[in-house]
Amino acid sequence: MFFSIDPNNGVAIYEQIVRQVTFAIAEGTLRPGQLLPSVRVLSQQLAINPNTINRAFQQLQAEGALESLRGKGLVVRADAKTGCLETRRTLIADRLKGAMTEALHAGLSGSEVRRIMNQLLAELDGNVATVASTDTSEPT
Amino acid sequence: MNNRLMIQRLWWKELRQLLPMLILLPTIAFLLTALYLLNDNSNQFNWSAGVAVFLGMPGLFAVGAGALLVGQEKEMRTIQWLASLPIRPQTIVRIKTAAAVVGLAILWVISGLYFLWRDRYDTPMTDIGQFSVWPTNSFFVLFAGIAIAWRIKSALVALLLVVPIAMVPYVLALVLHAMMAADEYYYTDPSPGTVIAMQVIGCLVALFLVDRFGRAALSPERVRLGLPFLANATNRERNGRAAPASYGVIQSPLPALIWQFAMQSRALLIGTSIMLLVAAAMLLMRYASRANSVIPFDIFLCYLATSWLGASVFQSDSAHQRIRFLADRGLSPRLIWLTRQIVPITVIAAIAIATLLLASLVGPAGLKASPGLGTMGMLAIASLFVVFSFSQWAGQVITSPIVSMVVAPLVSIIPFTAYSFSVVTLGSPLGLISIAAFLPFLATFLSTRRWMDRRFGKRYWFTQGGYAAIVILMPTFPHFMALAFEPGMSRQVRKQIETVVANPNNVLRMPVELVLDKDVENERPFVSFVRTWNNQIDSVRSQFRATSAPIGISSQGPILKILAINLMAGMSLQQSDSAVSDEHLDLFRRSMELLSDMVVRMRTSPQVVDQDFADSIEIAMVRQMRRTETRAALGEERYKLVAARLADTQARRDARVRSVALSWYNYDSQSKFSRVPPSQFGGYDLQGGGDGLSWKNGKGLAHRRVARRAENLWRMADFSGDEVPKEWLLEVASDWGIVSTYYGLGSGGIYYRVDSVDDSIAVAKKGSNAIANQWYAGWEKQARELLYPSN
Amino acid sequence: MSNANQEAVIEVSQLTVSFPGCDALRGVDLQVPRGTVFALLGENGAGKTTLIRALTGFLHPNSGSCRVLGLDPTVEALEIRRRVGYVADAPALYDWMRVGEIGWFTSSFYEAGFLDRYREGISRYGVPEDRKIRHLSKGQRAKVALALAVAHDPELLILDEPTSGLDPLVRREFLESMLDRVATGRTVLLSSHQIAEVERVADSVAILHAGKFQIIESLASLRDSVTEVTVSLDDPLVQLPLPDSPAIVMSDRAEGRQRQMVMRGFNSEAADQWRGRPGVAGVTVRSATLDEVFAACVRGNGNASDE
């Protein structure tokens, strides 16, 4: 998978790696059992300190997204997808919360916000490609 | 880490850095010497130019080695990188010094080889002792230069300082010698031994300092709050000097650019000004006291300072690509060129003129400027500007600042050698040389654009090479043009001459000079003149008998004296005193016979000048013979004999033809065997003649020109008509650079070319060189009438 | 974590260096652990180069001491230079030498194997071996300097502004080489202005300002603990209490009705405390980028319009 690391966007680099791996698992780009590149290789590829990458991997292991396969490296856990989807949902919920807070703060009323949301959903729902997931379907 | 390997590599690097200089210097030296060898005029200087060049060549290297090995690395900051490697500072310092020694030794070997070679083929160098101070001095200069380069931050300042320091051992030797020889009355130079001893001591001191300063420069800084005396500008600026905004607003770029140049090169300007002033002072002292020193340091200083000023014109901006700043702002190359030249030229001109004015005041003649000061002074200033001209060109062409500073002086000697060759051997006109010597200014002017943009491609080098070729070869153009286009002797005439020369009767036998007794010089009273003059005639007769060779005369003096005898004797015939008459009659007869015989002997001479002298004798004789008294005095028989000889135009023609042929043959064969063209043709001096017949032209051209003139003479000698065509006379006159009046043309001509012996004849100026001006003139007809009165 | 061996490669203690007219280093202390990328940040003229020159033995300090690889630079500078690779800011190489020649020349100063590693490095960077250095581009010259500095496999690599003026690709290559060295247990001391690069590769960061270290810390904990707090006030005259320790204000700027502070150790409780105060319209907390940390260290307090 491709990473895109931006040291300037305020999010710590290790955090960016964590998020991108999580999203990739959630999207299905990284399949269960897939081997991730080693710390060394990734560090070379991204020109990032291996310690940073290590920290990201450690966190991913702690969150249950990755597990260590003896002699091979880190692989995606079979049951990682659910957790990642959940994480992703949390992150998106946070983002929505941020957007709504901003809207309310700007002076829009609750009904206005709701109206905009419905309008947008009407436009987009069904027209955005979803993640092709074979097992669990996304709870609405 | 392999210590030996490291040292090997360091040696490689140092020698590689010295290589351009080691190649360039000998090459230019050889070039100069080759030019000198073409030039045969070796009497110009006390020691020949080749010796000077090969003594100076290692000296120049010694001056520049420090700047090249140390100064340049400091400027480029590569010394810092070198020092960051795991290598002891001493090693760096010592290997650099050792490499410099090796380089200098190589150059001395080359010079030594040159001297050996020269001793074989040329006059050996007489005073080895005197010259032995140079090698040791050069080593001292080398070490001193390196020590200074380590100590002083600016490479250029270091280079300038080397020159005064180079003189220190000699000065010390002078002082020592003065102290030891204080009681001697006469000034003597210190012995070479003393000087060398001082230099050796100097070398040791300098070597010690090299080690010390080098190590200090490479070792870690110990930050001291010392005076930033010799620090470069950046150091001072760190302490915050006021910017020149306080100078006011400058409207036009010209003064701003001049200010920029002056500030940028102020170290060099100040240094060279000091050198020039010191040299001027030494010159003035020498001039005022008329002393002469063996080693003309003052001239050397002048020359070096001027050369460096010239090199600085373009080098000042070349360093660190500073010119880019101006080039990026689209400044006109013309303006740049002008503003680079103004300051150095002003410096030189100001000091030179001031010196000249002072010299006219302090000279031996006091306020009266001694004669020749004007021209000598002008010549000296002109030479300075020639040096400047070539140095500024070298400064533009050579990109490395240090190399250009060292090589520019050598380059600026080229014009002197090349042009003296041109003038002396090829007879180039001085006007052309002046133009050529200052062409480098034009060359740099035209190349300024490319130099500013640093576009040093093939085209740039070709152009510069072209300029170089023109500058050196231009003065030779007239010579080669003449050589290509001027006609020589036609083949037909050459064959005719060869036939005459081949005739066994026409042996080339040089005439014996006729000598007159001293008594004839003094006019004795009328009473005793008969006896003395009779003696004179006897003496001449005995000279005739003594040799069968032709008789020749080098000036008109003897002829006039003998003609005077004859004239006086003839005039005395009119005296009525009969006793005296007999002696006078006898004298008259004898003198007439003598003159007639003398003519015969002179006619056999291969020199044309003797033919002309014979003509003037015969003219006087014809005049004498036309007088009625002569016939009676000589008697019929004698008269007829003399008249027959006088009337024999054919014999005269044969003699003239033979003389022209033999004169040409003589000139031709002399020309083959000497490097310098012969200075005489047929007894006539070629020095002042025509458009360069003398040694001032190259042998080839002179030969060809003389050949053509010989052909014209031949044509006239072989003439058998009634009257020689005026065009021929005109041509001969212009050939030999003689006023055409002498050949009977123009008003007053009749006084010089004798068409009638009754006309008053102007006395020819002494040494008029009017070759062949009496040939087949009217007097010959009158001579024939003596025998055949009907014509 | 990976590096078990925490012995210090560089130890600096109370180092003081004064020049006429300015004090470059005023008694600094520093420890650089082995096997890490240690970044030295500071404005131009802060003293970074001075420190590096003292470490490499080019400068004798006025007082204090430092040890590199256990050796004293004032005494054993030569041995240090043998074991340390140093790339200076705009290194001056002999531009008349060819790329191959300068490697051959320099190899004589080190042990065997230098030349091979150098040539390998050069070919990896794609620099033609037979070209003269004066005809190389800036980036190629920097690569040559780097190749020369690492060819003897030094335990410590010191880089002083190595990538200033180089294009992004070349900078990337430099970063990769730095990481390469660290991967094999070597140490890199990097002095740079390129904050973005430092963020990517540094393990620890030291910020030098006015001759003293303002911060010496691992990058991870620095990023974690420093935040940028923007407070919107109803009125510019509203005062805010100093946050309780362990929170420290690193910089504080005011513009109109907003105040922006870079704080260390500012947690959510403190934020809530402020939100509750009268006159405070809003408090936004964001993780500070290294850029902002650096600016905060260097600029300190003041109005935004002062810059």
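Two strands are taken to pair if DSSP finds at least two bridges between them, strands (E, at least two residues) and helices (H or I, at least four) being DSSP runs numbered from the N terminus. The structure is a predicted model, in which local features need pLDDT of at least 70 and side-chain atom pairs count only at pLDDT 80 or more, whereas totals for chains, interfaces and linings use all residues. Residues are numbered from 1 along each chain as its sequence is written, and chains are lettered from A and ligands numbered from 1 in the order in which they are written.

In chain C, an open sheet of six strands has the order β5-β6-β7-β3-β8-β9, with mixed pairing. From one strand to the next, the twist averages 15°, axes being lines fitted to C-alpha atoms (for helices over the stretch in contact) and angles running from 0 to 180 degrees between N-to-C directions.

A residue counts as buried if 20 or more other C-beta atoms, placed from the backbone, lie within 10 Å of its own, as exposed if 12 or fewer do, and as partly exposed in between. Elsewhere in the sheet, strands β3 (residues 37-42) and β7 (residues 187-191) of chain C are parallel and joined over four bridges, with Leu40(C) opposite Ser191(C) of β7(C).

Helix α5 (residues 138-150) of chain C lies across β5 and β6 (156-160) of chain C and runs at about 170° to β5(C). Helix α10 (residues 290-299) of chain C also packs on the sheet, where α10 touches β3, β8 (204-209) and β9 of chain C and makes an angle of about 30° with the direction of β8(C).

Between chains A and C, 16 residues of chain A are in contact with 20 residues of chain C (contact requires C-beta atoms, placed from the backbone, within 7 Å). On the chain A side, α2 (39-46) and α3 (50-62) are the elements that give two or more residues, and α3(A) gives the most, with four.

Chain B has 791 residues, of which 39% count as buried, and its secondary structure comes to 32 helices and four strands.

How values were computed
Contact = placed C-beta atoms within 7 Å.
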